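Please consult the sequence and structure shown here while reading.

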Amino acid sequence: MKRHTIALGGAGLMLGVSLLAIHAQELTGELPDPPAFAAQSEPNFVSVTDILEYKALPEYHEPDWVTKKYVDAGTLPPVKDRLPKEPMVYKTGDMPDGIGVYGDTMRHVIGGRPEGWNYIGGQSQGWGGIDIGLSECLTRTGPLFEIKADELEPLPNLAKSWEWSEDGHELTMHLIEGAKWSDGDAFDADDVMFYWNDNVNDTNVSPLNGATPETFGVGTTLEALDPYTIKWTFKEVRPTQYLYAMAYGTFCPGPSHILKPEHPKYNTANTYEQYKNAFPPEYMNIPVMGAWVPVEYRADDIIVMRRNPYYWKVDEAGNQLPYLNEMHYRLSTWADRDVQAVAGSGDFSNLEQAESFVESLKRSAEDSAPARLQFGARTIGYALRMNFSANGWGEPDARGQAIRELNRNLDFRKAVSIALDRQRLGDSLVRGPFTAIYPGGLYAGTAFYDKASTVYYPYNIEAANTLLDGLGLTDTDGNGIRNLANGGGDLEITLLANTDYGTDTNLAEGVIAQLEPLGIRVIANFQTGTARDDMAQAGQFDWSVERQGSEMVSVVQGTTALAPTGPRTSYFHRAGTDGTLDLLPFEQELVDTVNAFVATSDNAERVALMKKYQHTYTENVYSVGLTQYPGALIVNKRFANIPAGAPIFMFNWAEDNIIRERVFVPADKQGDYELHPETLPGKPGGAGPV
């Protein structure tokens with residue numbers, strides 16, 4: 001392999017340097033600051049109590065056509081009888097454009113394909129906001145981007161209030177009383193306990209967003225005290241962190257009256273695979289607690305959702321929400337979503353694929369542009385994740401086991417990290433002040449990020465070669481590919497990536513190309529989103545290129561995923577076949593740090609803990625950061641009540657952040673887009689709307 005003079009920490013390193021000399025030098029360098037790229041708007045910061053409250057109102061209203069066609073005909077109870085005892089009431093003062101009017105459609109375009117409607121059983125519903133529109137959770141975090149920092153806590157939702165015991169180990173939650181599923185069946189603690197006992201705590205079930213018992217703390221228990229009261233018992237004292245885990249997407253109960261009869265515990269004729277797939281996308285009118293119900297599905301064409309007549313939220317005038325009658329999800333590609341939103345044939349997009357930035361900006365700048373485009377902070381980040389489980393997760397063969405052992409070697413991880421030119425990876429997506437070098441760990445600009453605690457290993461291909469040579473990974477057969485030590489075969493590594501997103505595959509291809517000169521053969525394992533999810537959950541990968549979750553942005557949400565705090569909390573290091581985790585010493589440090597973070601509510605202590613976490617994470621290259629960049633919210637100009645400064649991703653995706661059930665279209669701007677006007681969802685499993 002060709003050798004050049006290289007510089008490490010400002011010192012020259014000549015041809016033939018030893019591994020010992022590498023260790024004697026500093027591989028670290030100064031992390032460049034992200035290029036200036038200011039967000040175009042800022043949130044209006046408010047308190048939780050400024051947004052909502054729970055109370056009974058003197059009277060309630062609904063669209064006139066619902067009353068005339070269904071209530072007056074006797075096929076639907078009056079709206080007051082369909083609402084809870086004390087519905088959630090959105091306050092007018094926090095609505096940017098005030099009380100809305102009924103009508104119209106929001107047209108989404110997505111690149112995913114639904115597996116079915118059993119979200120808690122592990123089925124993808126296609127993403128792009130579908131699951132957010134169908135599911136409601138104990139708490140809610142999407143709108144927290146506009147909550148004052150000193151009052152930051154999850155919003156109440158299905159749990160309308162809660163209180164801690166004096167010793168801080170017990171949390172009693174009060175569920176909204178009298179709320180109903182979209183088919184009129186009562187929502188109560190039975191639904192909550194079915195989710196907890198028979199899905200989260202059943203190791204044969206993998207809820208879609210990865211909820212496990214450890215998501216809520218090792219040893220945590222949950223019990224129902226009565227139909228509308230549940231009690232959590234934690235090992236930790238007052239772990240307020242878990243209130244964030246009770247939001248989307250790890251504590252969103254499903255309709256137990258529909259799902260339970262298909263669960264193998266209650267139906268011994270069924271397998272767990274049959275339970276998961278009992279409600280395919282063709283199954284219409286699945287009962288939901290969300291604002292809209294799926295009423296039509298055409299494969300590779302569209303999903304249509306209609307308003308939920310039993311939705312349990314209202315505005316201050318007593319108008320039952322949502323304002324929008326219908327939701328469309330055109331089944332296309334994620335890139336097409338951006339194109340259609342900018343062109344006006346779609347209404348909403350999280351512009352998250354950097355390859356589309358330039359054209360989208362050009363079009364939105366035109367006076368005739370139908371959509372407005374608003375960039376936010378750099379909260380989209382990609383990393384190369386290595387499978388750290390060396391004791392059986394995913395049942396690797398001999399080659400896979402050898403790769404796992406390498407993944408656990410710090411010099412190997414450093415070699416891979418410094419062999420990647422992150423600036424070039426970012427520029428391959430889009431040129432300009434969009435992308436920033438990402439060394440891994442917490443994102444720059446987020447609340448807990450600290451640059452001084454971030455260890456950065458800059459691009460240095462020659463040092464990477466030397467580190468690999470020192471590990472005995474040399475090309476022994478002359479084919480240009482390094483061989484595994486002790487007479488092993490070629491150093492071949494499979495790289496899992498999601499074909500639903502062009503950015504994922506583009507970055508994966510960049511990693512493959514940049515590691516080829518290093519003598520590492522990286523083989524693409526590109527899968528559609530649902531297949532990729534299944535393989536990742538099963539541990540069937542060597543490496544994966546992945547867009548990271550909210551834990552790297554907010555830290556207070558998804559916190560347990562920051563480290564292997566339990567057998568199944570980590571994305572890339574889970575328990576082996578014996579049920580144990582084979583943690584490396586620095587991983588145990590990460591676990592201890594995260595657990596200490598969860599256990600304290602002292603802000604100064606939390607800041608210090610996250611500095612320690614960031615240093616440990618980046619020094620040990622726990623994952624190889626690739627690039628980070630901002631996203632942009634694209635919304636058709638006809639929509640009102642879009643909050644200022646809404647990020648496309650922070651605590652949740654923008655579909656949740658903007659509180660879609662409050663969004664409306666003024667009467668003079670409404671279009672004729674409804675495919676099933678003046679209809680409501682039919683019976684579960686029926687033929688569609690009535």
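The sections below treat the domains, the nonpolar cores and one serine in turn.

## Domains and their interface

The model is predicted. Its chain is divided into domain 1 (48–347 + 639–662) and domain 2 (377–630). Between the centres of domain 1 and domain 2, taken over C-alpha atoms, the separation is 32 Å. Domain 1 supplies 31 residues to the contact, and domain 2 supplies 28 residues.

Together, domain 1 and domain 2 bury about 2,300 Å², of which 53% is on carbon and sulfur atoms. Seven residue pairs are in polar contact across this interface, and the count of salt bridges between the two domains is one.

## Nonpolar cores

The largest nonpolar core comprises 181 residues, and L138, W232 and M246 have the most contacts inside it. Helix α6 (residues 189–200) contributes the most to this core, with seven residues. Because domain 1 and domain 2 both give residues to this core, it lies between them. Another core, of seven residues, lies apart from it and includes V66, Y70, V71 and L76.

Beyond residues up to four places away in sequence, W232 touches several residues, among them L138, W196, M246 and F251.

## The setting of S417

S417 belongs to helix α13 (residues 410–418). With a relative accessible area of 3%, S417 falls under the 20% limit and is therefore buried. Its side chain makes a polar contact with the side chain of R422 at 2.8 Å. Leaving aside neighbours within four places in sequence, S417 is in contact with R422, Y457, V621 and V624.

Technical notes. Residues are numbered from 1 along each chain as its sequence is written. This is a predicted model: local features need pLDDT of at least 70, side-chain atom pairs count only at pLDDT 80 or more; totals for chains, interfaces and linings use all residues. Side-chain values use heavy atoms; hydrogens and water are left out. Helices (H or I, at least four residues) and strands (E, at least two) are DSSP runs, numbered from the N terminus. Buried means under 20% relative accessible area, exposed over 50%, partly exposed in between (1.4 Å probe, protein chains only). A polar contact is a pair of N or O atoms within 3.5 Å; within protein, one must be able to donate a hydrogen and the other to accept it, and residues adjacent in sequence count only if both atoms are side-chain atoms. Contact means heavy atoms within 4.5 Å. A nonpolar core is a set of buried Ala, Val, Leu, Ile, Met, Phe, Trp, Tyr and Cys residues joined through side-chain atoms within 4.5 Å. Domain bounds come from an automatic or database domain assignment. Buried area is the accessible area (1.4 Å probe) that two parts lose on being put together, summed over both. A salt bridge is a side-chain nitrogen of Lys or Arg within 4 Å of a carboxyl oxygen of Asp or Glu.
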